[in-house]
Amino acid sequence: MTKHLEKSAEIAIRQCMAVKKGETVLVVTDEPTRNVGRALWEKAVEAGAEALYIEMLPRKNDGVEPPPAIAAAMLHADVILGATSCSFSHTKARKEASQKGARIATLPGITEDIMQRTLSADYQHIAELSQRFAKLLSEGKAVHISTLAGTDLTLSIAGRQGHADTGINHTAGDFSNLPAGEAYVAPVEGTAEGIIIIDGAMAGIGVLESPIKLTVEKGYVTKVEGGKETEKLEAMLNEYGKLACNIAELGIGTNDQAILSGRVLEDEKVMGTVHIALGNNFGFGGTCQVPMHLDGILLSPTLTIDGQVVIKDGKHLITA
């Protein structure tokens, strides 16, 4: 383990998860993220935890359930860290473990470089900013998103709870990504209308060579246009049908140390961006259950909630 990885794993275990002596800590990982998973497990052992390490086969894409044996183990852990190549954040297994009281952090697609860069951020500041935006999302009803690249999207978030991904998981049931840094909400299904231009990065593809244009009608993507990268996105969506095309999430990046790296775990946290996800939103207040959740990053957005501009051309008008 490098010194940088050791330090980042220490921050994750001690500061972010507040692991206490005698707690059961479950680290779930797979081959591509094995080094990070192992580092987290070692630091959990040093913290005096009953630390368990399970390596599973990589899932096909974000949102696919972990094996039943791992899902069962998650129900008996105080703390769960998912350092896996694909995300299980938006799965039934994760939601049930959270409801049982586990403190959970998922680190999908994590690399040693991302760990070193983003876990050195000021997480107290990130938490305050994320919570402010989450409050606006909880209280808001009508949303408009536009970009100079051509995004023009409206949707409803009326009655939906905004969530803050703070990275501070000290209380039973707390859940976040690591690295953290976003506020997010599940839009009301069937309400999104307009055009989305994804010009930053796309989950399952990475940093984009050319923008992807999504036409949205009655809450679903009905048309995908763009360069060669659209073929991969269309193939992923077609595999799961209409539900995969659901407008599942509106997210706001709040981590000033994050950069566009082609890893959605980091990409969606970049300060000054918003992201729109397709597919599953059941785990955070929506109704769509499908084994897929794909985030698309929009650069330099203008975000308006109930007539109030809260981000203007990528600049936050709301501060912590």
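The points below go through the model space by space and then turn to the backbone.

1. First, the ground rules. This is a predicted model, in which local features need pLDDT of at least 70 and side-chain atom pairs count only at pLDDT 80 or more, while totals for chains, interfaces and linings use all residues. Residues are numbered from 1 along each chain as its sequence is written, and side-chain values use heavy atoms, with hydrogens and water left out.

2. The structure holds 1 cavity of 30 Å³ or more, and the largest cavity has a volume of about 220 Å³. It is lined by 19 residues, with Ser-89, His-90, Asn-177, Glu-182 and Glu-268 closest to its centre. (On a 1 Å grid over the protein atoms alone, a cavity is a set of points where a 1.4 Å probe fits but cannot get out; a pocket is an open set with protein on both sides within 12 Å along at least five of seven lines; lining residues have an atom within 4 Å of a point. Grid points are joined across faces, edges and corners, and a volume is the space filled by probe spheres set on the points.)

3. At least two lining residues come from each of β8, β9, α8 (264-267) and β17 (293-298), and β8 has the largest share, with 3 residues. (Helices, H or I of at least four residues, and strands, E of at least two, are DSSP runs numbered from the N terminus.) The lining of the largest cavity divides into 6 nonpolar, 6 polar and 7 charged residues. (Ala, Val, Leu, Ile, Met, Phe, Trp, Tyr, Cys and Pro count as nonpolar, Asp, Glu, Lys and Arg as charged, and the others, Gly among them, as polar.) The largest cavity lies between domain 1 (3-119) and domain 2 (123-316), because both give residues to its lining. (The domain bounds come from an automatic or database domain assignment.)

4. The largest pocket. Its volume is about 290 Å³. Of the 18 residues that line it, Asp-62, Ser-85, Cys-86, Gly-204 and Val-264 lie nearest its centre. By type, this lining has 8 nonpolar, 7 polar and 3 charged residues. Domain 1 and domain 2 each contribute at least three residues to the lining of the largest pocket.

5. The second largest pocket. Here the space is about 240 Å³, lined by 15 residues, with His-163, Gly-173, Asp-174, Phe-175 and Tyr-184 nearest the centre. The elements giving two or more residues to this lining are α4 (92-100) and β7 (163-165); α4 gives the most, with 4 residues.

6. A helix pair. The axes of α1 (residues 3-16) and α2 (residues 34-46) come within 9 Å and cross at roughly 60 degrees. That makes α1 oblique to α2. (Axes are lines fitted to C-alpha atoms, for helices over the stretch in contact, with angles from 0 to 180 degrees between N-to-C directions; under 35 degrees counts as roughly parallel, over 145 as roughly antiparallel, 65 to 115 as roughly perpendicular and the rest as oblique.)

7. Backbone spots to look at. Most residues other than glycine have a negative phi, and most peptide bonds are trans. Which peptide bond is cis? The one from Leu-178 to Pro-179, with omega near -5 degrees; Pro-179 lies in the loop between β8 (175-177) and β9 (182-185). Ala-18, not a glycine, has a positive phi of about 50 degrees and sits in the loop between α1 and β1 (24-29). Asp-306 also has a positive phi, near 50 degrees, in the loop between β18 (301-305) and β19 (308-312).
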